[in-house]
Amino acid sequence: MRGPHGEDLPDAILFACGQNAVRSPMAAGIMRLLYGKYVYVDSVGVRAGELDPFVISVMDELGVDVTKHKPRSFDELEDTSFDLIISLTPEAQHKAVDLTRAMAADVEYWPTHDPTLVEGARETRLAAYREVRDTLMDRIKERFGWQATPGG
C-alpha cells in the first residue's frame with residue numbers, strides 16, 4: 001500500500017499495549033489521523049482496561065476523537081490478518097510474538113513510557129500524557145516516512 005506521498009505502508013496495523021486504555025489507543029488514533037485512508041488500524045491490550053480520560057483530553061487536542069474506543073484484549077480480536085503488530089509494552093511484545101506463531105505478521109517493539117505512573121496535579125499528569133502522545137506521533141511519522149503537505 002502506498003501513502004499520500006508514496007510512503008510504503010502495510011495494509012493493516014495492530015498497536016498493542018497492556019490494557020488498550022492509554023498507549024495503543026493513542027497510537028492507533030494518530031495512525032488513523034495520518035494514514036487512515038490508506039491503512040486499516042486497530043489496537044488491543046494484553047488485558048482490557050478502561051479508557052483513560054486523560055487520553056481523551058490529549059487526543060482531542062489533535063482533533064482525534066477516541067471517546068468511542070472500547071478497550072479489548074488480544075483474545076477478543078476478531079480478525080488477525082495484520083501485516084504489522086507494533087507492541088508498546090514488554091507484556092504486549094510477548095503476546096504479539098505468541099500471536100505471530102500462527103500468522104504471518106512482522107512485529108516491532110516500541111518501548112513506550114506509561115504516563116499513568118506520573119503523579120501530581122492535573123497539568124503535570126496531562127503533560128506526561130502529551131509527552132507519550134507526541135513521542136508516538138514522532139515515531140509513527142519517522143517509521144512510515146510522513147511528509148507534511150505544503151502549508152500544512
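Axes here are lines fitted to C-alpha atoms, for helices over the stretch in contact, and angles run from 0 to 180 degrees between N-to-C directions. Helices (H or I, at least four residues) and strands (E, at least two) are DSSP runs, numbered from the N terminus.

This is a predicted model, where local features need pLDDT of at least 70 and side-chain atom pairs count only at pLDDT 80 or more, while totals for chains, interfaces and linings use all residues. Residues are numbered from 1 along each chain as its sequence is written, and side-chain values use heavy atoms, with hydrogens and water left out.

**Exercise 1. Describe how α1 and α2 pack.**

Step 1: Grab the geometry: the two axes come within 10 Å and cross at roughly 20°.

Step 2: Angles under 35 degrees count as roughly parallel, over 145 as roughly antiparallel, 65 to 115 as roughly perpendicular and the rest as oblique. α1 and α2 are therefore roughly parallel to each other.

Step 3: Look for contacts, meaning heavy atoms within 4.5 Å. Met26, Gly29 and Ile30 on the α1 side meet Val55, Val58 and Met59 of α2.

**Exercise 2. Now do the packing of α1 and α4.**

Step 1: These axes are 9 Å apart, at an angle of about 45°.

Step 2: α1 and α4 are therefore oblique to each other.

Step 3: Find who touches whom: the α1 residues include Met26, Ile30 and Tyr35, and those of α4 include Tyr129, Leu136 and Phe144.

**Exercise 3. Work out how covered α1 is.**

Step 1: Find the helix at residues 23–35, which makes 13 residues.

Step 2: Check burial, where buried means under 20% relative accessible area, exposed over 50% and partly exposed in between (1.4 Å probe, protein chains only). Of the 13 residues in α1, 11 are buried, so the helix is mostly covered.

Step 3: See what they pack against: β1 (12–17), β2 (40–45), α2 and α4 (122–144).

**Exercise 4. Track down the surroundings of His69.**

Step 1: His69 counts as buried because its relative accessibility is 18%.

Step 2: List its contacts, skipping neighbours within four places in sequence: Asn20, Pro25, Ser43 and Leu51.

Step 3: Zoom in on Asn20, whose backbone oxygen lies 2.9 Å from a polar atom of the His69 side chain.

Step 4: Asn20 sits in the loop between β1 and α1, and is buried with a relative accessible area of 0%. Its phi is near 55°, a positive value in a residue other than glycine. Most residues other than glycine have a negative phi.

How values were computed. Polar contact = N/O pair within 3.5 Å; in protein donor to acceptor, adjacent residues only side chain to side chain. Expected span 1.5 Å × (residues − 1).
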